[in-house]
Amino acid sequence: MNLRQLSQFVTLAETGNFHRAAERLHMAQPPLSVSIRKLEEELGSTLFARTRTGVALTPAGQAMLDDARRTLLHAQQCRQAVLDTREGTGGRLRLGIIGSATYALLPRLIPSLRARYPQITLELSEATSSEILEGLVSRRFDAGLLRFPLLDASGFDLTPLDRDDFVLAVAETSPLAGREAIALHEAAHEPFIMYPRSKVPGLLALAMMRCQFSGFAPQVAQEAAQVQTIMSLVASGLGVGLVAGVARQVVPRGVKCLRLTDNPPGFHVSIALARLAGNTSRVVQRFAEHALECAGVDEKSE
């Protein structure tokens, strides 16, 4: 039994006539009769009873018809799934994301992606930038949204999707909270909540570099990898924190974010799309093109 025979069986059942079935199948009638007879011999049951005007399904044929139709439908779905994956309009996309990508970037990307490519199955996993890079190398992720710039970007294709700056998170009980903006060196005496080197070395390097640009090395009071945790520690009065400006969208009670007035020219903290260099997956390429369109970035200019 094969798909060709099942298609012939269903067509004959629907037309009730060998001649009309052969026409619909674009084949001669004798080969159709031979194929149906071989199918009946293989199954050990007569599927059609001859009538004065054509053929009619036997009880065995009736029992087989629904399953035959479902099998043909599933086969067509398999073909379509392969085609969608080959063209990049379907298939599975495993995306590693940093937590701050969920504040503004993902809400812009995902609804329009699902509307544009409904056959793409998206699997999101929150991770640090280092974990995303490791996941790309191990093929656990197909692409990632991570903090940029990186300490070492060799082996990866990176395209910034936004441009952001650090802001200073302070407790509302702090004397600094009466201000809207501050030069970072004015907070040099404050204890800082910093990022742990073991989990987010890139972001720690950016934060430390930002302090160095303002002429001081921060006094590190506590460490935390997640923005939400940093905000909670700041609210508890344990120190101040440097967080990406997008974090203003999720500022908890008891915290205020101050704009920095002394940002060095060209120094930004962005979110970038990361892919393994040389990745030729069509679904990853489709996602990259969509992400760049949503972010208003011309990939050729990057």
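Mentor: Before we start, buried means under 20% relative accessible area, exposed over 50% and partly exposed in between (1.4 Å probe, protein chains only). This is a predicted model, where local features need pLDDT of at least 70, side-chain atom pairs count only at pLDDT 80 or more, and totals for chains, interfaces and linings use all residues. Residues are numbered from 1 along each chain as its sequence is written, and side-chain values use heavy atoms, with hydrogens and water left out.

Trainee: Okay, is Thr 128 buried or exposed?

Mentor: Look in the loop between strand S4 (119-126) and helix H6 (129-137), where Thr 128 sits; helices (H or I, at least four residues) and strands (E, at least two) are DSSP runs, numbered from the N terminus. Its relative accessibility is 10%, so Thr 128 counts as buried.

Trainee: Which residue has its backbone oxygen 3.5 Å from a polar atom of the Thr 128 side chain?

Mentor: Leaving out residues up to four places away in sequence, Thr 128 touches Ile 98, Lys 199 and Val 200 (heavy atoms within 4.5 Å). The one whose backbone oxygen lies 3.5 Å from that side-chain polar atom is Lys 199.

Trainee: Now the helices: is H1 oblique or roughly perpendicular to H3?

Mentor: The axes (lines fitted to C-alpha atoms, for helices over the stretch in contact) of H1 and helix H3 (residues 29-43) come within 10 Å and cross at roughly 105 degrees, with angles run from 0 to 180 degrees between N-to-C directions. Angles under 35 degrees count as roughly parallel, over 145 as roughly antiparallel, 65 to 115 as roughly perpendicular and the rest as oblique. So H1 is, relative to H3, roughly perpendicular.

Methods:
Polar contact = N/O pair within 3.5 Å; in protein donor to acceptor, adjacent residues only side chain to side chain.
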